[in-house]
Amino acid sequence: MSIGFTAEHTELAASVSGLVARHAARADTRTRLDGLAAGERPPCWTVLQEQGLLTLHLPEACGGNGFGQRDLAVVLEATGHGLLPGPYLPTVLAGAVVADSGAGRGRNALLSAVAAGASATAALGIGGLSAQPRGDGYHVTGVAAGVLGAVSADHLVLGARLTGGLDSGHDEVWFTVPAHEVEVTSERGIDLTRDLGTVRVGLVVAPEHVLTGTDASCIAATAATLAAAEAAGLIRWCLESVLEYVKVREQFGKPIGSYQAIKHRCARLFITAETAAAAAWDAARAAGGDEHQRRQAASAAAVTCLPAAVDAALDAITIFGGIGFTWEHDVHLYWRRAISLRALLGPTGEWARHLGLLALEQDRDFEVHDLEVDGAVRAEIVTDFARVAALPAGQRRNELAVLGYAAPHYPRPYGRAAGPAEQLVIAREFDSAGIEQPYMSVGEWALPTILSHGNDAQRERFVGPSLSGEITWCQLFSEPGAGSDLASLATKATRIEGGWRLNGQKVWTSLAHLADWGICLARTDDSVPRHAGLSYFLVNMRAEGVDIRPLRQSTGAEEFNEVFLNDVFVPDDCLVGEPGQGWALARTTLSNERLTISTEASPSNLGLLRRHIRQGTIPIEGPDATRVLGELTAAENAVSALNLRSLLARLSGFAPDASTSLAKVATTLCTRATCAAIVDFLGPLAAYANPDSSEATWSYLNLPNYLIGGGTLEIQYNIIAERILGLPR
Ligand SMILES: Cc1cc2nc3c(=O)[nH]c(=O)nc-3n(C[C@H](O)[C@H](O)[C@H](O)COP(=O)(O)OP(=O)(O)OC[C@H]3O[C@@H](n4cnc5c(N)ncnc54)[C@H](O)[C@@H]3O)c2cc1C
């Protein structure tokens, strides 16, 4: 999913991509590299100005379109994807910085000039510039190196360290200056498609050119937001180009995309592209809001997107092989831009440290605030919850099920057929009423299968009682000889009078010892291809012949079991769907399992770490520790943003597709990193099973649950590569 996923944003991205392809084709860009480095603007500049793309994020009063940074991020992703040459990023950055600062004649002059087609840039730090108060203004001298777009800029935004007379309480001053008042030297930049300059300054800045209400960190946050969006575009180009190539390039007589090593690399590149888009989207949506939130989201985007773009391009080069290392191949142009962006934005470790400190003060807000839910529906929800809250605790769950709140996204009469917005309103009502949301464990993925593929009688018999907690479930899929390769399972179901007789052994069956019913895959036909010979049964766990033997996990807990099925009779009315449809039904189940795992796993772990740090059980000392915390926060924020985006994009609640594999992998990797860090932070405490550390170390010992349960990472990579990316099976 690109940064923009609404219809308007998809249209905007497509139109910008088309514009870049028509007016800034790469072959043409290659003929202009010397001119671009020397500060020439590409021919497409006039089109960018005419289409309003230089100013779409600026206030209408300044000649802009008033759209803000969310739309700008969509455009930047498209211009990054198309490797738009010239100073577009520095110009829109300067516009954003100036628009966000206090009013002044200089501010308006720069914005009006950009609206009329001028180019501009903003330095990303104060560099070697110093300023002394002079009358109402400042005398500024010194050198600012490495300013992207400085050579082509008609106007610059610069910052200087204030020396002497710190009466204002500020130690830096930011101002706008026309290019002809400074001396700019062109530098050889690693990004061949836009210019880089060193700016020498010796001038008096008049008060009307001084920007108020901004500083280097504020400007850096804006720059990180915009650069992250561009980086997301670079990554997506790498992914798409690689996919195109691996489907046609043959080695050893087959397309290289059919080799698992390549598939898994493509799957990881896809995950990188998706998380980068999510992080960049999150930073853009935070722009203009609460400053702490904005800085947190911008820092997270810098940590997630900028190094990822560099790695993605390098990965792409190695997947292309020798051809990727040639001057003629475009991938190095993308790599160069990614390296340049990362370098100019400053060390990723610094961004991570900054984020680590911010995360200790406040969590990033992933709530959706502007929910469009009918007033009458809202009122009904509030009234219903008040009624439920007034009931004795033991009666609440049943009432929630009866009213459709146990699974609001299910169709009526089981749920409320609630869309995403209504689901969120209900989730909040659970919180504010202090009522626990029913969680059905395996039932969370068993019921959607029964709802989608079962008959009326099965829905009637199982869905309601499961929602009210009367029936609990386990999943009888895995066998000693069939784990990842589930379709090779050997449990046999033989047709008999009135039903089926099941024989076989299941293993790793979570909660079988507690469950009332099990969803069970068994082979009903040996004579057809193996996927076509499976059927999907509902097995009464108390039936004769069901032998459950607990297995102890490495955590010490006994949560999963071996289950032996010895001549277990399953009546016809407990076959779901038709005989032979089991594989299709199992896919619905597994997809919902991954969805549940990905939404329940990660955030609680980082929350746990932050809680321990705040309590002092885990000491966080030194820059390394804050850096690690920042890196984990960036990863977790990206996962939360991914989840939020898919929630916002999803129309119905119980038909997840293969993208649940993406969420599962991203969540699992994040959880693994967090759990490992917790143990590391604990130091020697982690060696003890004492009450201070046991919760934290237990979460680490329990990690295989996420890594293996619901399908291992390798299997998720296979699913992503084949079902989402279309690589050959
Ligand atoms: C805590 C926990 C709870 C579970 N609960 C249940 C449950 O309730 N019900 C149930 O039915 N199952 C359950 N499982 C089983 C789980 O689904 C399987 O363990 C999982 O699918 C892996 O199968 P396996 O253990 O046989 O490993 P294997 O499939 O033998 O895999 C071993 C290794 O080989 C790799 N591998 C296998 N095939 C490929 C391939 N094609 N390409 C690349 N690598 C491959 C795997 O990634 C893995 O690293 C649970 C597992 C755990 C850990």
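Predicted model: local features only at pLDDT ≥ 70, side-chain atom pairs only at ≥ 80, totals over all residues.

Reader: Where else does a residue other than glycine have a positive phi?

Author: Leu-511 is one of them, with phi near 60 degrees. You'll find Leu-511 in the loop between strand 13 (499-506) and strand 14 (517-523).

Reader: Why is Leu-511 called partly exposed?

Author: Buried means under 20% and exposed means over 50%. Leu-511 has 26% relative accessibility, so it falls in between and counts as partly exposed.

Reader: How do you know that the bond between Arg-412 and Pro-413 is cis?

Author: Look at omega, which is about 10 degrees for the peptide bond joining Arg-412 and Pro-413. Most peptide bonds are trans. Pro-413 sits in the loop between helix 14 (393-403) and helix 15 (420-433).

Reader: On to charges. What makes Asp-282 and Arg-364 a salt bridge?

Author: The cut-off is 4 Å between a side-chain nitrogen of Lys or Arg and a carboxyl oxygen of Asp or Glu. Asp-282 and Arg-364 come to 2.8 Å, N to O, so the pair qualifies. They are 82 residues apart, with Asp-282 in helix 9 (residues 260-286) and Arg-364 in the loop between helix 12 (348-361) and helix 13 (375-390), and the pair links distant parts of the chain.

Reader: Are Asp-282 and Arg-364 buried or exposed?

Author: Buried, both of them: Asp-282 has a relative accessible area of 3%, and Arg-364 has 10%.

Reader: Why does Asp-384 with Arg-387 count as a salt bridge at 3.8 Å?

Author: The closest N and O atoms of Asp-384 and Arg-387 are 3.8 Å apart, and the rule asks for within 4 Å, so the pair counts. Asp-384 and Arg-387 are three residues apart in helix 13, so about one helical turn separates them. Asp-384 is buried at 8%, while Arg-387 is partly exposed at 42%.

Reader: What about Asp-456 and Arg-459?

Author: Their closest N and O atoms are 2.9 Å apart, which makes a salt bridge. Both are in helix 17 (residues 456-467), three residues apart. Asp-456 has a relative accessible area of 58%, over the 50% limit, so it is exposed; Arg-459, with 17%, is buried. By this rule the model has 36 salt bridges.

Reader: Last one. How do you know that the second largest pocket lies between domain 1 (459-590) and domain 2 (601-724)?

Author: Both domains give residues to its lining, so the pocket lies between them. The lining has 50 residues, with Glu-593, Ile-708, Gly-709, Gly-710 and Gly-711 nearest the centre. Helix 18 (582-600) is among the elements that contribute, and helix 18 gives the most, with eight residues.

Reader: How do the lining residues divide by type, and what volume does the second largest pocket have?

Author: They split into 20 nonpolar, 20 polar and 10 charged. The space in the second largest pocket comes to about 1600 Å³.

Conventions:
Residues numbered from 1 in each chain as written. Heavy atoms only, no water. Helix = DSSP H or I, 4+ residues; strand = E, 2+ residues; numbered from the N terminus. Buried < 20%, exposed > 50% of the residue type's maximum accessible area, 1.4 Å probe, protein only. 1 Å grid on protein atoms, 1.4 Å probe; cavity = no way out; pocket = protein on both sides within 12 Å on 5 of 7 lines; lining within 4 Å. Points joined across faces, edges and corners; volume = space filled by probe spheres on them. Nonpolar A, V, L, I, M, F, W, Y, C, P; charged D, E, K, R; others polar. Domains from an automatic or database assignment.
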